[in-house]
Amino acid sequence: MRKLFALVMVAVAALAVGPVRAADMPYYPPVIEVPDVDYGVGGSFYLRGSVAGNLWAARNFENPCGGCGTDVTDRGYGYSLGAGFGYETGSGLRADVTVDYLNNSGLTFGNGRKANLRGGLALANAYYDFNFSGLSSSAGGFGAYVGAGLGAAWVDTTINDPNGAAWAWGDRFEPAAAVMAGVTYDMGAMVADVGYRGVYLPTIGNTPPNMVNAYVINNNWIHEVRGTLRYRFN
C-alpha cells in the first residue's frame with residue numbers, strides 16, 4: 001500500500017511541475033522573410049549604339065545667283081549609324097550626347113535634278129522615360145520615352161543633273177534640332193529601344209568659289225525609324 005501511495009504522489013508531482021517548466025521556456029516568434037523590393041537602377045552612366053533607316057523631305061531648292069528655284073517632287077532615302085554616351089537618373093530623366101553618320105540619296109526637284117547627302121550630326125539630347133509597370137523608370141520590362149535634342153551637322157551634298165552628271169556640290173555646317181519618341185525593353189544592364197527621330201535642318205547648302213553654282217535646300221526633315229541598344233555601367 002505504501003508503495004502504491006508513493007507512486008501516486010510522484011505522478012501528481014510530475015503533473016504539477018510539467019506545466020510550470022513549460023511556462024518557463026522562452027517563446028520564439030516565427031521568422032517572416034520579406035522579399036527585397038526591386039526599385040530599379042538608381043542612376044547610371046551608359047553607352048549607346050544606333051542604326052536607322054531614313055527619309056529626307058524638304059520644301060524647295062533655290063539657286064540664289066542663278067535666279068531659279070523649284071519645289072521638291074520626291075523624297076530621298078538612306079540610313080544612319082550612331083553612337084553616344086549618357087547618364088540616367090533612375091527617376092525618369094536621362095541625357096546623352098550622340099554622334100551620327102548620315103547618308104541619303106534621291107531627293108528630287110521639279111527640274112529633274114537630284115540631291116545626294118552624307119555627313120555627320122552631333123546632338124545634345126534630353127529624355128523622359130516611362131515604365132509601364134508603374135515603378136521606377138528603370139525598374140525593368142517595357143516602357144516608353146520622349147526626347148529632344150539640339151546641335152549641328154556637317155553636310156556634304158551633290159546636285160546631279162537628270163543625266164546623272166554632277167551639276168554642283170559642296171559642304172558646310174548647319175544648325176540642327178531633333179525630336180524623339182519610342183518604346184523600350186529594359187533587361188537590366190542592357191536596354192533596347194525602337195523609336196522615331198525627326199532631325200530638322202533649316203537649310204542645306206554649299207559655298208562654292210563660283211557662286212553661279214550656289215544652292216540652298218530649305219526646310220529639311222530627316223525622318224528616321226531607329227533601333228538602339230544601351231549598356232549601363234552600374
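**Exercise 1. Classify the exposure of F45 and F85, and describe the pairing of their rings.**

*Solution.* F45 has a relative accessible area of 44% and is therefore partly exposed, since that class lies between buried (under 20%) and exposed (over 50%), with a 1.4 Å probe and protein chains only. F85, at 45% relative accessibility, is also partly exposed. These values belong to a predicted model, in which local features need pLDDT of at least 70 and side-chain atom pairs count only at pLDDT 80 or more, while totals for chains, interfaces and linings use all residues. Residues are numbered from 1 along each chain as its sequence is written, and side-chain values use heavy atoms, with hydrogens and water left out.

Next, consider the rings. The structure holds 11 aromatic pairs; rings of Phe, Tyr and Trp (its six-membered ring) pair if their centres lie within 6.5 Å, and planes under 30 degrees apart count as stacked, over 60 as edge-to-face and the rest as tilted. F45 and F85 form a stacked pair, with 5.8 Å centre to centre and 10° between the planes. This pair links distant parts of the chain, as F45 lies in strand β1 (residues 44–57) and F85 in strand β4 (residues 76–88), 40 residues apart.

**Exercise 2. Characterise the aromatic pair of Y127 and Y145, and identify the charged end that sits over the ring of Y145.**

*Solution.* First, the geometry: Y127 and Y145 are arranged edge-to-face, 6.1 Å centre to centre, with 75° between the planes. Second, the location: Y127 belongs to strand β6 (residues 114–131) and Y145 to strand β7 (residues 141–160), 18 residues apart, and the pair links distant parts of the chain.

Finally, the charge: the charged end of R94 sits over the ring of Y145, 5.6 Å from its centre. This term requires NZ of Lys or CZ of Arg within 6 Å of the ring centre and within 35 degrees of the ring normal. The charged end of R230 sits over the ring of Y46, 5.4 Å from its centre.

**Exercise 3. Describe the second largest cavity and its lining.**

*Solution.* Begin with the search, which finds 3 cavities of 30 Å³ or more in the whole structure. On a 1 Å grid over the protein atoms alone, a cavity is a set of points where a 1.4 Å probe fits but cannot get out, and lining residues have an atom within 4 Å of a point. The second largest cavity holds about 40 Å³ of space.

Then examine the lining. R48, R94, Y127, Y145, M180, D193, R226, T228 and R230 form it. By class, these residues are 3 nonpolar, 1 polar and 5 charged. Strand β10 (residues 216–233) gives the most, with 3 residues.

**Exercise 4. Place A148 in the fold and list its contacts.**

*Solution.* A148 lies in strand β7 and is partly exposed, with a relative accessible area of 39%. Not counting residues up to four places away in sequence, A148 touches A124, N125, A126, A178, V179 and M180, contact meaning heavy atoms within 4.5 Å. A148 and A181 are 33 residues apart in sequence and 8.8 Å apart in space, C-alpha to C-alpha.

For the chain as a whole, there are 1 helix and 10 strands, defined as DSSP runs (helices H or I, at least four residues; strands E, at least two) numbered from the N terminus. Among contacts between residues at least 6 apart in sequence, 69% join residues at least 24 apart. Buried residues make up 38% of the 234 residues.

Technical notes
On a 1 Å grid over the protein atoms alone, a cavity is a set of points where a 1.4 Å probe fits but cannot get out, and a pocket is an open set with protein on both sides within 12 Å along at least five of seven lines; lining residues have an atom within 4 Å of a point. Grid points are joined across faces, edges and corners, and a volume is the space filled by probe spheres set on the points. Ala, Val, Leu, Ile, Met, Phe, Trp, Tyr, Cys and Pro count as nonpolar, Asp, Glu, Lys and Arg as charged, and the others, Gly among them, as polar.
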